[in-house]
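Hello,

Here is the structure I promised to pass on to you. Have a look at it first, and then read my notes below.

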Amino acid sequence: MDYKEEIIDHYKHPRNFGDLEEPKISVRENNSSCGDMVEVCGRLTRDGRIHVLRWRGVGCAISTAAASMLSEKVVGMNREDLTGFGEKGVVELLGGEINSGRMRCATLAYRAIIKLFEQ
Amino acid sequence: MFDVNKIRADFPILERKIGGAPLVYLDSAATSQKPKRVLDAIADFYTKHNANIHRGVHTLSAEATTMVDEAREKVAKFINAKTDEVIFVRNATEGLNLVAYAWARQSLKKNDVVVISLLEHHSNMVPWQIICEEVGAHLHVIEVDDEGRLLLTGTGTTQLTGGKLVVTTGSLESLLDERVKLVAVTAVSNVLGTITPTEEIKKLIKKKSPSAKLLVDGAQMVPHMKTDVTKLGADFMAFSGHKMLGPTGSGVLWGKREILESMKPFLYGGDMIGEVRLTGTTWSGLPNKFEAGTPDIAGIIGLGTAIDYLTSLGMDNIREHEKELIGYALGKMEKFEKKGLVEVFGPRNADERGGVLTFNVKGVHAHDAAQVLDKYGIAVRSGQHCGAPIVERFKTLAMARASFYVYTTKGEIDFLIEKIKEVPKVFSL
C-alpha cells in the first residue's frame, strides 16, 4: 500500500478538526490495539441528518485522514445513508487500498460517527 | 559454529518476496518462522500416524501416543523439569489462565495480594485483574525506570483509583509483604525486550513474602535463552510453542508437581478423568488432569521437533547471536536518536535486553512507519503489543518493534536502518 497524496494532505491538514459549542452530541471511540482515539461531535437536523460535524483525536495517517475525509463526506447524511455508505465506502474514500491490518484505523471515525445517531 | 546463512536455508518462508522485495522478517516476538524439519514433522504425523492419543489399542493410536509422550520428554529436558510437570496447552495465554482459574481462584482470599509488573503482556495482567476483582484481592504493580527495567528496591507507593480495582504501584520491595500470595512476572518483556532479574525477584519474595508463589511468563525467554526451571526458582512458568519455531496451537504450562497435584482441574472432559460414575468422577494424575479433550497432537509433535532443532543450535549460542544483534542495532539506532530522527525505548545495555528493538520514528505513528517498511519487504510489529500500560508509561500511543531470532542477520538490521530513513520522507517531514 502506498500513501496517496490525498491521504497525506488530509493527515497534515485535517479538515473540520475541533470542537462544537453546546448543544451537540459527542462520541469517543478508541482503537485498543494501537492507542488511536477519535472524538466526534455534531448536530443533527430535525429530520435526522448530520448538519455539522467536528472531530478531534490522535492517531496514524490512515485514521486521521479517514476522520478528516469523512467529516466532509457525511454532512447531509442520515443514519440510513451512513449505514449504506458503510466501511466499504470509507475504504473507497481512502483510495480503495487498505489492507486488513489497517481496517480498524480506517474505520475508527466511521464507527464513532455511526454512534452519533445512537445518542 | 552458529552459521546464520546455513540456518536460513532451513526456513522455506525466507525465500518469499513481498511485493518483489525479499522478506525481511523482524516480527519473531509475535510468532517465529518454522524450519522445514518442523513442517515435515507435522506432515509426517498426518500422513503416516494420525490417530487420537490414549484412546485405542490399535497401532496408529499407540504411535501417536508415543510421539506425544516423546515430545513431552523433550520439553521437560529442555527446561530441566520433570516430565509429568509439563502440561500441554494452546499457548502461554492459556497456561497463565490455567493458573488463574485452577490455582488462584481457589487459593486466593479477600485482601490477599497479587503482584505483577508494568511490563506484563495483557495475558499476564488481565487474568489477575479479573481474579482480584472476583475474590476481593488487591493488585500491586511493579514500576519500571526510564529504560523499562523493573524497580526492585525503593520506598514510596502510589494508589491508582478510577476503575473497579484499587491498584498500588511501586518498587517490588515496597509492594511485598506477608499478604502477597502470588508474584506473576515476565522473564523478558515482549514490548521492550527487558530481561527481568528473576533470581533477585525470587530472593526478595523469599525474604518478604515467604508464602507467595512465583509465576514466570516465559513466552519471550524460553525461545531465546537457556531456561532451567530449577534455577529460576519459580512455581509456574508458561510459554508458547509458536514463538520457538514450533506450530501455533502448541504451548506449555510447567508447574511444580506438588502444587499441580493440589489443584483442581481447569477443564473437564475426556482424558482427564480417573473414574466416571453417574454419581461422581475422580481425576486422572499429572499431566492428564489438565489436558481435557483431544490436544493439538500434530502441534505438540511439531514443538518437539522445534526443540530438537533449537537444541542442535544450542540455546547459549542463540542468546549470544541475539545479544550481538541487539547491541549492533542499538548502536545504529542511537546515532539516529542523537539526530532526532527516532526515539528508542527499553534498556540500552544488550546484557539486559533480548533481541527486541522498540522505537518510533519522530512524528510518525508506529502503524504508518510499519506500513512504509512493509513496502520494502520488512515485517515489523506496530501498536501497543498487548501491553497498553507499558506503552503509555513512555508517553506514546504506539511503538514499532523489530524482533530478532536465529535466522536474523546483521544485513537485515542494516536494511531496516536504511529504510527507517525513508519513513519521514513519505510524510514530507
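How many residue pairs are in polar contact across the interface of chain B and chain A? The search finds eight, counting pairs with both residues at pLDDT 80 or more. Please keep in mind that this is a predicted model.

Let's stay with the interface for a moment. On one side, 14 residues of chain B are in contact with 19 residues of chain A. About 1,300 Å² is buried between the two chains, and carbon and sulfur atoms give 50% of that area. Within chain B, the residues that lose the most area to chain A are B:His367, B:Gln371 and B:Phe427, which together make up 40% of what that side buries.

One salt bridge also crosses this interface. B:Asp368 pairs there with A:Arg102, and their closest N and O atoms are 2.9 Å apart. Helix α12 of chain B (residues 366-374) gives the most to the side of chain B that touches chain A, with four residues. That side is made up of five nonpolar, seven polar and two charged residues.

Next, a helix in chain B. Helix α10 (residues 297-313) has 17 residues and reaches 25 Å from its first C-alpha to its last, close to the expected 24 Å. Of its 17 residues, 14 are buried, so α10(B) is largely enclosed by the rest of the structure. Just after this helix, B:Gly314 takes a positive phi of about 95°.

Finally, the salt bridges in general. Side chains of opposite charge can pair when their charged atoms come close. Over all chains, the search finds 38 salt bridges. Here are some to look up:

- A:Asp9 and A:Arg15 form a salt bridge, with the closest N and O atoms 2.7 Å apart. A:Asp9 is partly exposed at 31% relative accessibility, and A:Arg15 is partly exposed at 24%.
- A:Glu118 and A:Arg79 meet in a salt bridge at 3.9 Å, N to O. A:Glu118 lies in the segment after α5 of chain A and A:Arg79 in helix α3 of chain A, so the pair ties together parts that are 39 residues apart in sequence.
- B:Lys332 forms a salt bridge with B:Asp414, with the closest N and O atoms 3.2 Å apart. B:Lys332 lies in helix α11 of chain B and B:Asp414 in helix α14 of chain B, so this pair ties together parts that are 82 residues apart in sequence.
- A:Asp19, A:Lys24, A:Glu39 and A:Arg56 are linked in a network of salt bridges.

Enjoy exploring!

Best wishes

Definitions and conventions. Residues are numbered from 1 along each chain as its sequence is written. Chains are lettered from A and ligands numbered from 1 in the order in which they are written. This is a predicted model: local features need pLDDT of at least 70, side-chain atom pairs count only at pLDDT 80 or more; totals for chains, interfaces and linings use all residues. Side-chain values use heavy atoms; hydrogens and water are left out. Contact means heavy atoms within 4.5 Å. Buried area is the accessible area (1.4 Å probe) that two parts lose on being put together, summed over both. A salt bridge is a side-chain nitrogen of Lys or Arg within 4 Å of a carboxyl oxygen of Asp or Glu. A polar contact is a pair of N or O atoms within 3.5 Å; within protein, one must be able to donate a hydrogen and the other to accept it, and residues adjacent in sequence count only if both atoms are side-chain atoms. Helices (H or I, at least four residues) and strands (E, at least two) are DSSP runs, numbered from the N terminus. Ala, Val, Leu, Ile, Met, Phe, Trp, Tyr, Cys and Pro count as nonpolar, Asp, Glu, Lys and Arg as charged, and the others, Gly among them, as polar. The expected span of a helix is 1.5 Å times one less than its number of residues. Buried means under 20% relative accessible area, exposed over 50%, partly exposed in between (1.4 Å probe, protein chains only).
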